[in-house]
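Hi,

Here is the structure I promised to pass on. My notes on it follow below.

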Amino acid sequence: MVFSSSIFLFIFFPLILICYFNPFFRGRKFRNAVLLIFSLAFYAYGEPLFVLLMIFSICVNYVFGILIDKNAVKNRQKLKKLWLILAIIWNIGILFIFKYLSFVSKIIAEHFAFIATNSVSIALPIGISFFTFQILSYIIDLYNQKCGVQKNIFNLALYISLFPQLIAGPIVRYSTVENEIENRTENSQDVTNGFVRFVFGLGKKCLLANYMAVIADVVFNGFDAGIIPSALDAWLGAIAYSLQIYFDFSGYSDMAIGLGLIFGFHFNENFNYPYMARSITDFWRRWHISLSSWFRDYVYIPLGGNRKGMPRQFFNMFVVWALTGIWHGAAFTFWFWGILYFVLLSVEKFFSLDKIDKKVPAFFYRLFTLFCVMCAWIIFRSPSLGFAFNYWTYLFGASPVKAGRNIFEIFANNYYLQNGGILLLASVIACFPIFPLLKSKYSALLNNLQQKKAKSCKMLSILAQIAVCLWFAFVFVFSVLSCIKSTYNPFIYFNF
C-alpha cells in the first residue's frame with residue numbers, strides 16, 4: 001500500500017482516523033493498540049507473508065534488548081557485549097538472506113559452477129532495510145545507554161512497525177520517539193500542520209515525481225532498447241530522474257512526517273534542499289539525512305572517525321560508502337555508486353574543497369556539485385555499469401544531431417519540452433526554498449506593519465491566509481485526482 005493510492009486515501013486513512021480519534025476511547029494504550037493493528041495491516045496488505053517475518057524479528061530483538069539491559073544492570077560487560085554482537089549478526093543475517101543471498105548465489109552459479117549449479121531466488125520484503133536499521137539503532141543505543149530498554153513488547157512493535165515510516169523511512173531512532181510512545185499528546189496545531197505537510201508531500205509525489213518518472217523512463221528505457229538519445233534527450237533524462245528521485249523520496253518523507261504529527265509523533269527532517277548543496281559533503285548533509293547520520297553515528301564514529309589520522313579516516317570513509325552502496329541494493333551499480341561517492345568525498349577532504357574558497361562564486365561550486373550528483377544518479381538508475389558509462393558519453397554529444405539544426409531548433413522541437421516543459425520548470429523551481437523565503441519576507445513585512453500600526457496589516461494577513469488556503473486546495477484536489485486517474489505510481493525507495 002502506498003500513500004498516494006486510492007485505497008490509502010479513501011479507505012485506510014479515514015478508518016484509522018475514525019478509530020484513533022473516536023470520542024469514546026481516548027486512552028494511550030487504546031490509541032497505541034489502534035496504531036499497531038493498523039500498522040501491521042498496512043504492511044500485510046503488500047506483504048501478507050513477510051509481516052510474520054517482521055513480527056518474529058520484533059520478538060527476537062525484544063529478547064535481545066531485555067538480555068542486554070539485564071547484563072548492563074548486573075555489570076556483566078562481556079555478556080552484554082556478546083548479546084549485542086549476536087543481535088547485530090541476527091539482524092544483518094536476516095537482511096543478507098532476503099536482500100543479497102539471491103544475488104550472491106547467482107554470481108556463484110554463473111562463475112563458480114563447481115561450488116553450486118543453481119541460484120537461489122528469494123522475494124525481497126518491502127522496506128526491510130529501513131526497519132532493520134531502526135531495530136539496530138534501538139539495540140546499539142540500548143547497549144550504549146543512550147535510551148532505556150522497552151519492556152513492553154507491544155510498544156517496541158509499535159516503534160518498529162509504525163506505518164508512516166515503516167517501508168521507506170525516514171529511519172527513526174528509538175531515542176527520538178522513546179518518550180512519545182507512551183507520553184505524547186495530540187493537539188489541533190500538530191494535526192493541522194500534519195495534514196498540510198502530508199498534502200504537500202502528496203503533491204510532490206503525484207504532480208511532480210510521477211511526471212518526471214515518465215520522462216526518465218522514456219529516455220532510459222529507450223536507450224536500453226537500442227534507441228540512441230541526442231545529447232539534449234540524454235540531459236533531460238538525467239535531469240528528470242534527478243528530479244523524480246528527489247520529489248519521490250522527499251515527498252514520501254514529507255507525508256511520513258505529516259502523518260507522524262497527526263498521531264503525535266515528531267520525526268526528524270530527512271531532506272533540506274539537497275540540490276542547493278555547495279559540495280558533495282554538503283549534499284550528504286541535506287539528502288536522506290536519517291541514513292547518512294545513521295552511518296556516521298553507528299559506523300564511521302565507532303571506527304574512529306577522523307580522530308586517528310588521514311589514512312584511517314579514508315579507510316573509515318571507504319567502509320561507510322561501501323556499506324551505503326550495499327545497503328541500497330544487491331547490484332554492482334549501487335556498489336559502484338557508493339564507491340564513487342567515496343572517491344568524490346575523499347578528493348574534497350584531501351584538498352579541503354568542502355571549505356569553499358571565497359574567491360570563487362558559490363554558484364560554480366553548486367553547479368559542479370549538481371553535475372557530480374546527476375552523473376551519480378545515472379549509475380543509480382542504470383541496469384548495468386556498461387549502460388551507465390555509455391549514457392555518460394551521450395551527455396557530451398556522442399550521438400549525432402542532424403546537420404543544419406541550431407540549438408534553438410533542437411530545444412523547440414524536443415518532445416519532452418513541448419509536452420511537459422511547464423512541469424519540468426516547476427520541478428526545478430521547487431528544488432529551491434521559494435516558499436520558506438516568501439514566508440520569511442511576509443513575516444518581516446507583517447512585523448514591520450504591526451510596529452507601525454498600519455491599517456493594511458490586517459488586510460495583508462487575510463490575503464495571505466486566503467492565498468495559502470487556495471494553494472493548499474489546488475495541490476490537494478489535483479493530487480487526489482492524479483491518484484484516482486493515474487495507474488503509474490512507483491515509489492523508488494520501496495525497493496530498498
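Which residues are linked in a network of salt bridges? They are Arg28, Arg31, Arg184 and Glu186. By salt bridge I mean a side-chain nitrogen of Lys or Arg within 4 Å of a carboxyl oxygen of Asp or Glu.

Before you go further, two notes on conventions. This is a predicted model, so local features need pLDDT of at least 70 and side-chain atom pairs count only at pLDDT 80 or more, while totals for chains, interfaces and linings use all residues. Residues are numbered from 1 along each chain as its sequence is written, and side-chain values use heavy atoms, with hydrogens and water left out.

**Salt bridges**

The search of the whole structure gave eleven salt bridges.

Arginine 173 pairs with aspartate 297; the closest N and O atoms are 2.8 Å apart. This pair links distant parts of the chain, 124 residues apart. Arginine 173 sits in the loop between helix H7 (153-161) and helix H8 (174-177), and aspartate 297 in helix H13 (residues 289-300). Helices here are DSSP runs (H or I, at least four residues), numbered from the N terminus. Arginine 173 is buried, at 17% relative accessible area. Aspartate 297 is partly exposed, at 23%. The cut-offs: buried is under 20% relative accessible area, exposed over 50%, partly exposed in between (1.4 Å probe, protein chains only).

Aspartate 248 and lysine 205 meet in a salt bridge at 2.9 Å, N to O. Aspartate 248 is in helix H11 (residues 231-262) and lysine 205 in helix H10 (residues 188-224), so the pair ties together parts 43 residues apart in sequence. Both aspartate 248 and lysine 205 are buried.

Arginine 381 forms a salt bridge with aspartate 217, with the closest N and O atoms 2.9 Å apart. Arginine 381 lies in helix H16 (residues 362-381) and aspartate 217 in H10, so this pair ties together parts 164 residues apart in sequence. Aspartate 217 is buried, at 16% relative accessibility.

**Helix H10**

H10 bends by about 35° at alanine 209. That bend is the angle between axes fitted to the seven residues ending there and the seven starting there.

At the start of H10, a side-chain oxygen of asparagine 187 comes within 3.2 Å of the backbone nitrogen of glutamine 189. Glycine 226 follows H10, and its phi is positive, near 100°.

Best wishes

Definitions and conventions. Helices (H or I, at least four residues) and strands (E, at least two) are DSSP runs, numbered from the N terminus. A polar contact is a pair of N or O atoms within 3.5 Å; within protein, one must be able to donate a hydrogen and the other to accept it, and residues adjacent in sequence count only if both atoms are side-chain atoms.
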